[in-house]
Amino acid sequence: MTARKGEAARALKESLEALAKAHPVVETALALYGPPEPRVRPGGFGTLARIVVGQQVSTHAARAIGDRLASALGGRLAAQPLLAASDEVLRGAGLSGQKVRYLRALAVAVESGELPLRRLPSMSDEAVVEAITGVLGFGVWSAHMYLLFSLGRQDVWPAGDLAVRGGFGRLLGWEARPTEAQVREASTPFAPHRSALALLCWRVYSAAPL
């Protein structure tokens, strides 16, 4: 993981430098807020499971529930232990009934090979999105998070993320948070470095929410 963090940090630095050189608004944002930190998560079932756990709850709550769930499953988040666990055990960790269904669907997809976790790193961004969103409970945002943080793709643009939209609007000097369609269209000139742009937008938004 340390090697991956170092590689992610180098890639992020190069992308931010390229963006700042081409776009004065990025150069200004970096001067005002500083560069964002790289985010790296391991690939595999555990990270996808935590994405489900984190839906519609705070970061603190998601971490606590994820840790309780891992403990209930014998110390790690894996497909087989989750399928073997009762609904009572899963609900006892703090999961809603809906999230129990989503996690079971994820475990079945992984165990059956419907979601080929080992092949995801060699697949295109579009194919990864298609594979992940084919699992109950996973939308495009979830797939984008996996592409960004587990696969380290360099041009992922989560236009549906509210904080990305807010940060991007502030970056461009817009008065109100833009729509997803506006953000997607206006991001085109920032390719192929939109993963770094997304991280910067999160930093800008957290410093001054729009």
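## Start and end of α10

At the start of helix α10, a side-chain oxygen of D161 comes to within 3.0 Å of the backbone nitrogen of A163. Just after α10, G173 has a positive phi of about 80°. Helices here are DSSP runs of H or I with at least four residues, numbered from the N terminus.

## Basis of the model

This is a predicted model: local features need pLDDT of at least 70, side-chain atom pairs count only at pLDDT 80 or more, and totals for chains, interfaces and linings use all residues. Residues are numbered from 1 along each chain as its sequence is written, and side-chain values use heavy atoms, with hydrogens and water left out.

## Burial of α10

Helix α10 spans residues 162-171 and is mostly covered. Eight of its ten residues are buried (under 20% relative accessible area, 1.4 Å probe, protein chains only). They are A163, V164, R165, G166, G167, F168, G169 and L171. These buried residues pack against α2 (24-33), α11 (180-186) and α12 (194-207).

## Packing of α3 on α9

Helix α3 (residues 45-53) packs on helix α9 (residues 140-149) at an angle of about 140°. Their axes, lines fitted to C-alpha atoms over the stretch in contact, lie 11 Å apart. Angles run from 0 to 180 degrees between N-to-C directions.

From α3, the contact (heavy atoms within 4.5 Å) uses T47, L48 and I51. From α9, W141, S142, M145 and Y146 take part. By class, the contact of α3 with α9 has five nonpolar, two polar and no charged residues.

Definitions and conventions
Helix = DSSP H or I, 4+ residues; strand = E, 2+ residues; numbered from the N terminus. Nonpolar A, V, L, I, M, F, W, Y, C, P; charged D, E, K, R; others polar. Buried < 20%, exposed > 50% of the residue type's maximum accessible area, 1.4 Å probe, protein only. Polar contact = N/O pair within 3.5 Å; in protein donor to acceptor, adjacent residues only side chain to side chain.
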